[in-house]
Amino acid sequence: MARVALVTGGTRGIGGAISHALKAAGYTVAATYAGNDEKAKAFTEESGIKTYKWDVGSYDACKDGVAAIEADLGPIEVLVNNAGITRDAPFHKMTPDQWNEVIGTNLTGVFNMTHPVWPGMRERKFGRIITISSINGQKGQFAQANYSAAKAGDIGFTKALAQEGARVGITVNVICPGYINTDMMATIPEKVMDQIVGNIPVGRLGEPEEIARAVVFLASDDAAFITGATLTANGGQYMV
Ligand code: CAA
């Protein structure tokens with residue numbers, strides 16, 4: 001039977017590409033989204049992938065949502081923590097709300113989603129947790145004290161949990177994309193964008209599919225010996 005994969009924020013951008021790629025690789029895919037019903041409906045019509053709406057910042061919503069998906073499709077064997085937001089501001093202008101929203105979605109959301117799938121993965125002795133962090137969690141970014149903190153937290157989370165999953169067949173890995181051609185880039189002023197692309201050695205933004213292919217590999221049986229890894233995919237912009 002096809003393995004079930006859940007992708008948070010899985011209806012557009014990097015998450016949409018991941019959902020498509022996992023489906024093409026033979027998984028039964030469920031995608032969550034937080035806001036846009038119309039886009040999610042269109043995504044399901046075009047892809048045949050079921051969508052579920054909840055806020056990953058809410059632990060109870062994640063617990064209930066995971067239970068609903070498992071009742072519909074079967075046990076979740078692959079979790080892709082992709083949902084993420086930005087609320088960029090220089091620190092002297094950053095509000096507590098901007099801090100809390102970003103930490104709540106990008107870091108606490110990863111806890112909220114992973115915690116409910118973890119016991120089943122432990123029992124079945126198989127699981128794949130793949131979290132989408134960011135280059136900016138590795139190097140820091142002006143106007144992103146909130147985002148960089150959350151994304152760096154995702155890397156620490158991964159390294160800790162990988163140690164717990166190792167003996168029960170669960171791998172836990174994190175991918176750090178660089179600047180990828182998605183809606184999120186539209187929030188960056190054009191002048192800043194030109195500078196950013198100028199600093200990417202390959203001379204272009206990444207494409208969502210280039211991240212999706214890495215996810216498919218990490219989810220596969222071929223990647224069973226890879227755990228606790230941080231995979232950078234940033235066109236050479238930051239080498240660690
Ligand atoms: N390094 C140093 N200084 C910088 C800077 C940088 N990277 N970016 C902006 N500044 C400076 C500006 O030159 C300006 O300085 P002056 O006042 O001396 O002219 C100052 O910071 C900007 O101050 P403002 O008060 O005008 O700032 P603002 O409140 O209007 O905020 C901003 C503007 C939010 C910083 C905006 O420039 C911006 O969005 N920058 C892009 C931030 C960014 O790269 N975010 C990444 C988003 S992509 C992503 O997050 C996905 C991923 O994982 C890769």
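These questions and answers cover the strands and helices of a predicted model.

Residues are numbered from 1 along each chain as its sequence is written. Local features need pLDDT of at least 70, side-chain atom pairs count only at pLDDT 80 or more, totals for chains, interfaces and linings use all residues, and side-chain values use heavy atoms, with hydrogens and water left out.

Me: In what order do the seven strands form the open sheet?
Reply: Strands (E, at least two residues) and helices (H or I, at least four) are DSSP runs, numbered from the N terminus. Two strands pair if DSSP finds at least two bridges between them. The pairing here is parallel, and the order is β3-β2-β1-β4-β5-β6-β7.

Me: Why is one side of β3 and of β7 left without a neighbour in the sheet?
Reply: β3 (50-53) and β7 (230-233) stand at the edges.

Me: Which residue in β7 stands opposite Cys-176?
Reply: Strand β6 (residues 170-177) runs parallel to β7, and four bridges join them. Opposite Cys-176 stands Thr-232.

Me: How many of the six residues of β2 are buried?
Reply: Buried means under 20% relative accessible area, exposed over 50%, and partly exposed in between (1.4 Å probe, protein chains only). β2 is largely enclosed by the rest of the structure, because its buried residues number five.

Me: What is the handedness of the β-α-β unit made by β1, α1 and β2?
Reply: A crossover is right-handed if, with the strands pointing away from the viewer, the path from the first strand over the helix to the second runs clockwise. β1 and β2 pair in the parallel sense over four bridges. With α1 they make a unit that is right-handed.
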